[in-house]
Each structure stands twice: as structure tokens, then as C-alpha cells.
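Thanks for coming, everyone. Please have a look at the model on the screen, and then I'll walk you through it.

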Amino acid sequence: FFEMMDGFLKNDPVSLQKDILDHVEFTVARSRFNIDDFEAYQGMAHSVRDRLIERWHDTQQFFKKKDPKRLYYLSLEFLMGRSLSNSIINLGVKDQYMDALNQLGFSFEIVAEQEGDAALGNGGLARLSACQMDSLATMDFPAWGYGLRYQYGLFRQVILDGFQHEQPDYWLNFGNPWEIERVHVSYAVKFYGTVEEKHLNGKNCIVWTPGETVEAVAYDNPIPGYGTRNTINLRLWAAKPSGQYDMESFGTGDYINAVIDRQKAETISSVLYPDDRSYQGKELRLKQQYFFVSASVQDIIRRFKDSHSSFDKFHEKVALQLNDTHPSLAIVEVIRVLVDEEHLSWKEAWDIACNIFSYTTHTVVPEGLEKIPVDLLGSLLPRHLQIIYDINFSFTEELKQRFGLDYDRLSRMSIVEEGAVKNIRMANLSIVVCHNVNGVSRAHLDTLKSKVFKDFYELWPEKFHHKTNGITQRRWVVVSNPGLCDLITKWLGTDAWIREVDLLLGLREHVENKELQLEWRTVRRVNKIRLVEFIEAMTGMKVSPDAMFDVQIKRIHEYKRQLLNILGIIHRYDCIKNMKDSERKRVVPRVCIIGGKAAPGYEMAKKIIKLCHSVGEKINTDPDIGDLLKLIFIPDYNVSVAELVIPGSDLSQHISTAGHEASGTGSMKFLINGCLLLATADGSRLEIIEEIGEENMFICGAKIHEVAKMRENGEAPKLPLELVHVLRMVRDGYFGHEEYFKPLCDSIESAGDFYLLGHDFPSYLEAQAAADKAFVDQETWTKMSILSTAGSGKFSSDRTIGDYAAETWGIEPCRCPF
Ligand code: 26Y
């Protein structure tokens, strides 16, 4: 059967050309004789889509036939970026498409650049879910992702006079060939209303009569695996007005207003919340969470019931993964559906929930944990609040049995937080029910055990684990760095590392080889030139590819310390200004690149962006400095920008105050691309140090335990003189806007320097000096670079997903035959 199906769509360049042209003519409805780059992209994307759909069908049918245990990955955020390049690479048809396009007179690079980014997420957590989907597909796991189809993705960052402004990202404007609308797959999601106990058919039942019903419509996004036929599904829900008409408002004769009212349902999936820091108990956010959770749970239960007549085997067939607590209402929803609608006993429903759910946390600080005001939850989801209270009652009884009447402990651990405003603590709920709680690096797990979830760890030590994050080498090397990809394949003598990343270790045995070193430098140089062109196009600035490209790209946060970087740059600038000509000759030229978005309401982060621009303007126009130092801010940082910048970077900075980064995944993308890391020993970097050795990195800053100690002792160490001097320049208006920048200086000098810039400044400068020294000796640098790539294998999401599958989800590969 599958042999018959395969080859249904032909993949030779001539067939592909015809296919692209047919799509331009019949899908896009443009003339095949006059095609621009965007239309070529659309034609090609639709042609690729057909191939994805073919494999998607085969995979889903195969899963259905085999009925393996499935994993459902629930996440409110997915940062997928572009799909075209990734799809043709994973489908194994890149060369054929390149030929087809060339023969039609198009360049693949230009066509691929026509695609916008799918940015349905904020940062690390959201890109992690995208990388993990790629690994799930590639490793043949029977998995589905579920999320929300926001109409507006993460805001576009526009810089005006150095200040960040936010613009809406209406990403669906030009159509989205990567999704399949499933008008027939839709579920009613209920909100508000009342709950009553009723006696129906001789049984006591709880009946929830909703005050509002919204329809969730499925949009399927095929996720192709690499080197396999398996293509899994990412199902995103869009909100539509419900099919159940509200007879009352339509009956009043005010037809127009009744229609307008119905249409408001769509706002639920309209916009992604752009904050990845502090949870605010907003009704719309809660509605989004429940909307997506309810539709997903209904879908999962429907699929299970298609082939099972009772719930006895539910836990053997279903695993649900919560990407942080954002989807944790799924726990309550599963219990509600099983008890109220499927009429299982509480005990049966409870056992199922405890068996199927696992939870990964991405937070290190208690303030980052979600809390939902009880009043809000009670009005929006009255039945769910009852269930949460029932769970909490049993849980606190268990606690009393175990620890006696330790009221402090009870109040810390309770799912319900008492106080002026009562809240539901979603992390506590998740820990109580989930069989497995995972941190995202080893250091993160230590923090969970000793601080954030200490009480829970004492109660259930067996629940707590970690799965160190990883990234997919398909997107982050094969797609984004084809030059390096070919070079690695050549020297390893195989491309098998694309599925078995540990093979990269084989590069170690060639590290002394001069030929490899030369080829390595050549590939990196080509990437740098591409980055130079990009910088010129974005900012109008011409920078030299001979300089060291020193990059920090990530969300702007005080704890990530872009401010430390900028203050270091001011120090470097000041040093160069005061040098004699003879000394200047020894300066290693640098192009410092910073990029990232600040949450719209995060004032300090916005000030950091402005400071970066003001300092850049001063340095970049100073004739004394010339090519010795440049500071570039890359606006509107996103996944595709990262794909271009990372392969062209020499040095990258990951300098969070130790103890604040749960894991960090950006560093892994740089590492595998052979970019050296200047980093603090935080999050997953501790494991990176183990893998590639401290001698191949530039490590600085206080260690995690030192930070803890300084904080405990309330020590505010004396600031180093270099830092005081640099801060004085900012305060004195050397870069203008002294009033606006004052809070930045105050945060270090008078507000206790919580992020310890003062403490870490000298060692940061030392690490920078060490990087300069290493860069002068290009041979040494190249070896360090090769060893970085060679040692990066542990940080593939394939390893992470393999560990989750075996240790947390209990799922097995289910490979669709070719
Ligand atoms: C509740 C809402 C305000 C919220 C929304 C998004 C809270 C947090 C987030 C996102 C958090 C996040 O991205 N965390 C990062 O997750 C990465 C993947 O595990 C880690 O590598 C990184 O250290 C962590 O900051």
C-alpha cells in the first residue's frame, strides 16, 4: 500500500517545475508567464505543501493502524520561523527544487527570503517547542503538538531615534501555505455560567450551563521529520463564533449588533501576549489558556474513543506534556470531562490524570510562577474552580498526615494562595498531579530542589528530574549554515550526524589538520560576509569582516545583562580613545552586535535598548575609532535573523547573573556553529563547559553558590573603578539622555546592584581580553571553534527528546514505512 502511495507526487526537477507553475496559475491565480519572487515562493510553497500533506496522511494512517501510545505536547507558544527551506531539507528534495527554480530563472535564496516568520511565541520556551517538534518527527515518535493560532504573532520591533516601538505582526496577511484549515474539526468551548448538581437517570450529576460558547477550529501544520517519511502534526486552534445561536439576542431584532457580538469570539485567538516575565491575571489570557486546552482535550479524547470503548487503557495510550504551567488547566479539564461527561468516578479520573500528565518548568524565580485570581477563575470557569478546591482538599489532608499541622508549610504548598487576593498557584497544581516534573538543565533542577520547589521536593523527591534542553541541528546547521554542513559531512565522511549528532565528536581527530582549519575559516568567512551585507542592508553601516564579530542576541532582560555588555563596550571605547597610536595597532578590531526585543511594558529593558543606540551612535561616528570598534543594534530580532547572524559570529555572549537562566538555548546554536562562547557559569552552560572544556571558552562572573552567598549576606561589594568611571560617563551625558538613563546607573550604584554587574565587571573584562588574545592567533581560534562544534552533540534536541520519551512519556518510535 505504502509503496503504491510513495512517488504519487514526482520529485524530479521537471515535474517540480510544472508543479510550481501550476500552483502559480491555479492556486495563486497569477499568470505563469510573469512571475515575481513572491509568487515563485507561493508556487513553490504550495508544491512543497502537497508533498507534506501526502506524507502527513500516510503517517497519520499508520499511527492509527498501529495505535501506539501517543504524546501530546501542549504549548501556548511555538516559534517556528520560516518553513520552506526546512521542509525541503527534511523531505530530502532540496537539490531537486533548487534545480527546478534555477531552470525557471529564480534564485532559491531570494525566493526563500520572501517568506515571513511564524512568530507565535516569545523566546526560549517557544523556540524550544519548535526544536522539539522537529526532533519528535525525525525520531519517528507518535506525537502531536497543540497550540493557539494567534492572528498577531510577537510584535514587530521598530526603532525610532533609538527607542523601541511595537507594531502588530499580522503574519497571515499574505496567506499561510503551511497550514491546512480543518473546517470540520471544531469543538465548542464553554465559558462562564452556572454549575448545578442534578439528578439525572438515577445518578447525581454536575451540570455546567455556560454563559458563552466559542468554537475552536483546527488548523493543522505538518512537521516533517528528516530522513524519514514521518510527518507529524502541530494542531493550532482558532476561535470562531459558535454555531449555537443565541436565540435571545437574535430574537430582539437587533440583527447587526447580534452579529457583531458573535464576532467578538475571535478575539480569543487574536494576539500573543508579549511578556515572558511576569504573569498578570488578565481575563483574556486565561480565556486563551482554557480555550486551547479544552479544544485539545476534547480532540484527544475523541481520537481515543474512536478506537477504544472504555477508558481502561487511556493512560497506556496517552501522555500529555505541559510546556510550563500555561496549559495546566488541561489537568482540570481532563478530570472534568472524565467525571462530568464520561461519568467515571473521581478516583478513576484522578488516577488517569496522575498517570498521563508531565510538566516542564522554565522558570527560576518564584515571581515567574503563574497565579490565577480565584475570583477570575470562579467567574470564567466555575466548575474548574470546584475541582481545584477538591484536589487541594485531598492534597492538604495528605500533607497534614505527613507533616502534622505545620501551618507555614501548608500555606506555602497549598494550591490556593490565601491573602488579600486569593490565587490559584498553577505550579503547585501541576506538581501535585503530574507524575514527573522536569527542569531544563542540571543546575536548574538544583535550584528547583533547593529553592523554588523545595517543599515539594521533600515530599516527592522521585518526581523531580531534569532534561537538559537541546536545539535541532537540522534548522541550526543544515538549513542555516549549508557551508559548514557540507564541510562537516566531508570530514566525517558521512551525513549521518544530521540524525546522530554524537558523530560530530569525530571532528576532534582532525582538529590539527591544517587543511580542515583552512576550509573551516573559509566557510566562516563566507558567512561573515553574508552578515556584513545584512548589517549594511538593515542599518546602512559598512563593517569589516576582518574584525571579531561579537554577538549578543536574545530577549532583553536585566538578568541577561545586555547592560554589562554595553558598559564593557563603553570601557573599551574609552580605552581606545586614550591610547597612543602605537598601542592602537595592537587592538583587535571588534564589531559588537546586539539584538533583541523588550516586553512592551518593561521600562528598564527599553532603556537598555536606547542606551545601546546612543552609545553606538557616539562610537560609530567617532573618527578616532574607525574600524577598531563598532556597535550595531539589529532591529526586530527573530528566528530568521538568528539563522543569518549565528553562522557569521565569532564570539557570542551568554552572561546572565549566575542562578538566573534556567537553561539558555541560544548558546547551543552558536556552539554547534563553531562560534566561541563568552559566558557565565549558569544554566546549561555548566554542562557545555563539561563537554567542551573551559579552555575552549571564555568564562567569567560569580558562580551560582557565590551569588547566593552574596545575596544572603546582603553584601553590596565596592564597585570597581573602571565601572564607576564608565557609569560617570553615562551620568554626565556623554551619550546624551542622562535623565532617561539615570535608573540604569542607579540600579547598579544605589539600588543594591541586584544583578551583580559590579562584582562581575572585572572578570568580564578579563574574559574579553582573553578573547582578544585568542583571536590574534587565528590557528588557535580555529581549533577552539572546531572543538566547539565537535563537543556540541549533547545539546541536540534529539537527545532531549530521546530522554523524555524513555524516562517521562514512555513512548516508542513508530516509523511509517517508505
Ligand atoms: C506567564 C507568562 C508571563 C510567561 C510567558 C512566557 C512566562 C514565561 C514565558 C517564557 C519563558 C521562557 O522562555 N523561559 C526560557 O525557557 C528556555 C527554554 O527552556 C530556557 O532555556 C531559558 O533559560 C528560559 O528563560
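**Ligand shell and domains**

Start with the ligand: domain 1 (67-82 + 117-153 + 186-467) and domain 2 (473-794) each give at least three residues to the shell around it. Those bounds come from an automatic or database domain assignment.

A word on the source before I go on. This is a predicted model: local features need pLDDT of at least 70, side-chain atom pairs count only at pLDDT 80 or more, and totals for chains, interfaces and linings use all residues. Residues are numbered from 1 along each chain as its sequence is written.

Back to the ligand. There are 20 residues around it, and Gly124, Leu125, Asp276, His362 and Ser663 come nearest. Near here means a C-beta atom, placed from the backbone, within 6 Å of the molecule. By class, the shell has five nonpolar, ten polar and five charged residues. For the classes, Ala, Val, Leu, Ile, Met, Phe, Trp, Tyr, Cys and Pro count as nonpolar, Asp, Glu, Lys and Arg as charged, and the others, Gly among them, as polar.

Now the two domains. Their C-alpha centres lie 37 Å apart. In contact across the boundary are 28 residues of domain 1 and 24 residues of domain 2. Contact means C-beta atoms, placed from the backbone, within 7 Å. Which element gives the most to the side of domain 1 that touches domain 2? That is α7, with five residues. On that side, eight residues are nonpolar, twelve polar and eight charged.

Next, the whole chain. It has 34 helices and 24 strands. These are DSSP runs, numbered from the N terminus: helices are H or I with at least four residues, strands are E with at least two. The C-alpha atoms fill a box of roughly 95 × 75 × 60 Å along the principal axes. Of the 818 residues, 49% count as buried. The cut-offs: buried is 20 or more other C-beta atoms within 10 Å of a residue's own, exposed is 12 or fewer, and partly exposed is in between, with C-beta atoms placed from the backbone. Take contacts between residues at least 6 apart in sequence: 78% of them join residues at least 24 apart.

On to the core. The largest nonpolar core has 223 residues, and Met44, Phe291 and Ile331 have the most contacts inside it. Both domain 1 and domain 2 give residues to this core, so it lies between them. By nonpolar core I mean buried Ala, Val, Leu, Ile, Met, Phe, Trp, Tyr and Cys residues joined through C-beta atoms within 7 Å. Leaving out residues up to four places away in sequence, Met44 touches Ile20, Leu84, Tyr97, Leu101 and Val111.

Leu84 leads us to helix α4, where it is one of the buried residues. Eight of the eight residues of α4 (residues 84-91) are buried, so the helix is largely enclosed by the rest of the structure. They pack against α3 (37-66), α5 (94-103), α6 (108-112), β10 (212-224) and α20 (473-479). Just after α4, Gly92 takes a positive phi of about 75 degrees.

Tyr192 is not a glycine, yet has a positive phi of about 55 degrees. Tyr192 sits in the loop between β7 (180-191) and β8 (194-200). Asp753, also not a glycine, has a positive phi of about 45 degrees. Its loop runs between α31 (738-749) and α32 (757-776). Buried or partly exposed? Tyr192 has 14 C-beta neighbours inside 10 Å, so it counts as partly exposed. Asp753 has 21, so it counts as buried.

Definitions and conventions
Contact = placed C-beta atoms within 7 Å.
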